[in-house]
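Entries follow in the order I made them.

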Amino acid sequence: MIATTCVYCGCGCGLFIHVEDGRAVGVSPNPAHPISRGRLCVKGWLAADFVHHPDRLRAPLIRRGGRMVRSSWEEALTATAERLKEIREEAGPGAVGVLTSAKGTNEENYLFAKLARAGLRTNNVDHVARLCHAPSVAGLGAALGSGAMTNPIRGLLSSDAILVTGSNTTEQHPLVAATILEAQSRGAALIVADPRRTQIASLADHRLAPRLGTDVAWINGLLNLILEGGLADEEFIRERTAGFDALKDSVSKYTPEVVEKISGIPPRDLEAAAAAFGEAPRAAVVYAMGTTQHSNGTENVLALANLVLATGNLGREGTGICPLRGHQNVQGACDMGALPNVYSGYQKVEDPAARGRMEAAWGTDLPPAPGLTAVEMMEAAKEGRLKGLFISGENPMMSYPDRGLVGRALESLEFLAVAEIFPTETTALADVVLPAASFAEKDGTFTSTERRVQRVRRAVPPPGEARPEVEVAAALLRRLGVPAEYASPEEVMAEIASVTPSYGGISYPRLGTAGLSWPCPDPDHPGTEILHKESFPIGRARFFPVDLLAAGSDPEYPLLLTTGRSLFHFHTGSMTRRTPLLDRELPKPAVEMNPEDAAALGVRSGGGVVVESASGSLEVEARTTDSVPPGTVFFPFHFAEAPANLLTAADLDPRSKIPEFKRTPVRIRRLEG
């Protein structure tokens, strides 16, 4: 049995991979792990089932004459480095970019960010956090000085009230949901805000069902009621925050009646939720992509930050604001500087002192201006400004908004290289494909949603000629003239610790079974489970008044589409759809409709429909359910045969540049025949 960390969601569950004759034959939970505590979700129990799938990429491929043919590693790596270097020299550093992966280890993400900056001399580096929690980094960073989860998951067991919003927790983060429900059984009030009646919403003590896109209104309404009821923590506000008076004035207009008009939440429901949260000695907020994946996602996060600050729910056990990361290493990829504006540890590229430290460490000059975000790279590629791209472990053809635009963008590139474990819709467009090792075939670390840095351990060898991406990144760096002689991923972590203050005390020997939570600044530091106990990195935390801008309706597209995951699949399905037991549970997609909408359109459950938006259309089966309200439809995005992102558009939040995934106007018509 090899102890490692689960490859799926951001919970960071500990598990054992069972090995027989060099093959991963099963998984069991680690009873000593602080999150899993001897439990796993259905995906976790089956986490090794895709590892030996016959579809695995086993050798490098190069496109010749329109066909992908097998090549050597030497040829593939040299071609990748030389083409990217040629494009940089001919068109400038802004013409190349790197997309890293939240499925990759910290060490891989650090080296790919180093590849972009020191090797290609560009800050055009980003990853899937742009599509999930960029508003958390922007919003919590502005309000609190840190964009990370403030408290550990198990701390929720001490909460007296828990507000869950924008999170289908029982399906997306099952072990977090188990902790929340255990807290509820101990007496915590569970408040859930979600337009859909998810399982956790049906179990709530107080359920709020807002209209899509109205989060700022009902959160401001909660806060207004709390302030009017004298439930604010005046001492905390006075001693540790700034800007409260402006906030108080701003939320005063969000009366229960105004909130009902905007969001549809009845005043009695809002008032009950406000009392439950405001009167709780210790209250916490848990949220996920239903909060962030909006063109006003940063405002949603700032509104939640205002709520916890005004009630003094920070810096103590059982309190906090807890963004749930979607991938197992979204947090770590951000920590490692796989973002266009920061180095590892969120050191800004525009800061001369930070840039000077990294230049000294890496032995080269570095670009001073922030680069393009992931979605901006697609637009730049379509326009011909971005000409060369390296992608590690991401599938933009499935996961990015406006699939049509993404396809045109990737086809417009002069050169595209992709490192992956399986063939995907994106590798199909590549000039070079590099076969990568899966989580079960490499060493490294992941950082979970609660900032817990944990070991990933090799259990079995990679198939064929596949390699860990630490080796791929180091080989490309050397070919671009950057020294990168690492004997192991452990040496990469030692470099990370030397240049990243929050990881300064992280080392493999210290991580053990439970890992360490950053900030961990030196080798004697025990790690930090609860942030902001005594102070904030920015001195005083800041209130930011936010208002809801009314979203217009479109009579041509009268329904609102929201997208998300299912219990049985993960992200673009490349791993879970190759796990037979998971694919059996949900083998094909369906658009979920309220029975009223279906009846009005003459659609029956199980019948075919065409779903159309301004971006595109697709044919899919309809499924009627009262878990979605009238006027709203839900569609999972795991299925290549019916890609949800044909319908979504790249409408960006101006602050965090996250696209709008949760509110797309669509129309539906019955498929005849």
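**Entry 1: two phenylalanines.** I started with burial. F50 and F439 are both buried. The model is predicted, so I keep in mind that side-chain atom pairs count only at pLDDT 80 or more.

I then searched the whole structure for aromatic pairs and got 8. In one of them, the ring centres of F50 and F439 lie 6.3 Å apart. Their planes meet at 35 degrees, so I logged the pair as tilted. Stacked would need planes under 30 degrees apart.

Where do F50 and F439 sit in the chain? F50 is in the loop between α1 (42-45) and β4 (61-64). F439 is in the loop between β16 (432-435) and β17. The two are 389 residues apart, and the pair links distant parts of the chain. I also noted a cluster: ring pairs link F50, F422 and F439.

**Entry 2: charges over rings.** I looked up two arginines. The charged end of R451 sits over the ring of W518, at 5.8 Å from the ring centre. For R455, the charged end sits over the ring of Y508, and the distance to the ring centre is 4.2 Å.

**Entry 3: S448.** I placed S448 in the loop between β17 (444-447) and β18 (452-456). Is S448 buried or exposed? Its relative accessible area is 1%, so S448 is buried; the cut-off for buried is under 20%.

I listed its contacts, leaving out residues up to four places away in sequence. S448 touches G10, C11 and G12, and also Q328, Q331 and Q454.

**Entry 4: cavities.** I counted 6 cavities of 30 Å³ or more.

β21 gives the most, with 3 residues. By class, the lining of the largest cavity has 12 nonpolar, 19 polar and 6 charged residues.

Next I took the second largest cavity, with a volume of about 160 Å³. It is lined by 17 residues, and the closest to its centre are K103, I421, A437, K442 and E469. I sorted this lining too: 8 nonpolar, 5 polar and 4 charged.

Conventions: Residues are numbered from 1 along each chain as its sequence is written. This is a predicted model: local features need pLDDT of at least 70, side-chain atom pairs count only at pLDDT 80 or more; totals for chains, interfaces and linings use all residues. Side-chain values use heavy atoms; hydrogens and water are left out. Helices (H or I, at least four residues) and strands (E, at least two) are DSSP runs, numbered from the N terminus. Buried means under 20% relative accessible area, exposed over 50%, partly exposed in between (1.4 Å probe, protein chains only). Contact means heavy atoms within 4.5 Å. On a 1 Å grid over the protein atoms alone, a cavity is a set of points where a 1.4 Å probe fits but cannot get out, and a pocket is an open set with protein on both sides within 12 Å along at least five of seven lines; lining residues have an atom within 4 Å of a point. Grid points are joined across faces, edges and corners, and a volume is the space filled by probe spheres set on the points. Ala, Val, Leu, Ile, Met, Phe, Trp, Tyr, Cys and Pro count as nonpolar, Asp, Glu, Lys and Arg as charged, and the others, Gly among them, as polar. Rings of Phe, Tyr and Trp (its six-membered ring) pair if their centres lie within 6.5 Å; planes under 30 degrees apart count as stacked, over 60 as edge-to-face and the rest as tilted. A charge sits over a ring if NZ of Lys or CZ of Arg is within 6 Å of the ring centre and within 35 degrees of the ring normal.
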